[in-house]
Amino acid sequence: MAYNDNQQGGFQRQMFQGNWKCSKCGGEITELPFEPSPERMDQLMCRNCFREKRQSFGGPRSFGR
Ligand SMILES: [Zn+2]
């Protein structure tokens, strides 16, 4: 039991530090939970925009008109 103690409690997410720009609001992005690939640099979104997108996703309104 003592062996696994270290791995069980702390699962930490790796964050990538950098200097990017949000494609939506133009805000600065200094931290990402994933490593962005060069081809997707123009698709990066800051946390706010990402959350907004996720919230509107799946709503019937997005396909309304
Ligand atoms: Zn943004």
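In which sense do strands β1 and β2 pair, and over how many bridges?

## The strand pair

Strand β1 (residues 16-21) and strand β2 (residues 28-32) pair in the antiparallel sense, over four bridges. Strands count as paired if DSSP finds at least two bridges between them. Lys-21 has Glu-28, in β2, as its bridge partner.

The two strands form a hairpin, with six residues between β1 and β2. Within the turn, Gly-26 has a positive phi of about 80°.

## Basis of the description

This is a predicted model, in which local features need pLDDT of at least 70 and side-chain atom pairs count only at pLDDT 80 or more, while totals for chains, interfaces and linings use all residues. Residues are numbered from 1 along each chain as its sequence is written.

## Overall arrangement

The chain holds two helices and two strands, and the order from the N terminus is α-β-β-α. Helices (H or I, at least four residues) and strands (E, at least two) are DSSP runs, numbered from the N terminus.

Of the contacts in the chain with a separation of 6 or more, 13% join residues 24 or more positions apart. A contact requires C-beta atoms, placed from the backbone, within 7 Å of each other.

## Burial

Of the 65 residues in the chain, 2% are buried. A residue is buried if 20 or more other C-beta atoms, placed from the backbone, lie within 10 Å of its own.

None of the six residues of β1 is buried, and this strand is hardly covered. The number buried among the five residues of β2 is also zero, so β2 lies largely in the open.

Notes: Buried ≥ 20, exposed ≤ 12 C-beta atoms within 10 Å, placed from the backbone. Contact = placed C-beta atoms within 7 Å.
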